[in-house]
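This briefing covers the sheet, the helices and the core of one model. Please look over the sequence and structure before reading on.

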Amino acid sequence: MPTILKHNGWRVVIYPNDHRPPHVHVVGINEHARFELLCDLGTVKLMSNIGLTYAQVQVLVAYLSKHVQKLCIEWGRIHDHG
């Protein structure tokens with residue numbers, strides 16, 4: 001599970017054998033969320049959330065959206081689509 005980014009104690013990871021749609025997992029000590037990568041729109045969308053507050057999700061949406069191009073490139077590289 002390659003860690004692509006780190007932010008405020010969270011790791012942003014992409015699992016090599018994961019399924020579509022393109023997405024990342026954000027993993028903390030007691031938190032886990034999945035965000036779909038909306039590469040053509042330049043943003044992300046929450047898919048699931050365990051343990052994160054609404055405010056934390058909003059922080060992560062902003063952070064991941066800022067880095068969505070890199071995340072989309074990494075998703076493609078890891079899954080042999082780019």
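Which residues of the largest nonpolar core touch the most other members? They are Val12, Val24, Val26, Phe35, Leu37, Leu64 and Leu71, out of 21 core residues. The model is predicted: local features need pLDDT of at least 70, side-chain atom pairs count only at pLDDT 80 or more, and totals for chains, interfaces and linings use all residues. Residues are numbered from 1 along each chain as its sequence is written, and side-chain values use heavy atoms, with hydrogens and water left out.

**Core**
- A nonpolar core is a set of buried (under 20% relative accessible area, 1.4 Å probe, protein chains only) Ala, Val, Leu, Ile, Met, Phe, Trp, Tyr and Cys residues joined through side-chain atoms within 4.5 Å.
- H2 gives the most, with five residues.

**Sheet**
- Five strands form an open sheet in the order E1-E2-E3-E4-E5, with antiparallel pairing (two strands pair if DSSP finds at least two bridges between them).
- E1 and E5 stand at the edges with a single partner strand each, so one side of each has no neighbour in the sheet.
- E4 and E5 are joined by seven bridges, and Arg34 has Ser48 in E5 as its bridge partner.

**Helix H1**
- The buried residues of H1 are Val57, Leu60, Tyr63, Leu64 and Ser65.

Technical notes. Buried < 20%, exposed > 50% of the residue type's maximum accessible area, 1.4 Å probe, protein only. Helix = DSSP H or I, 4+ residues; strand = E, 2+ residues; numbered from the N terminus.
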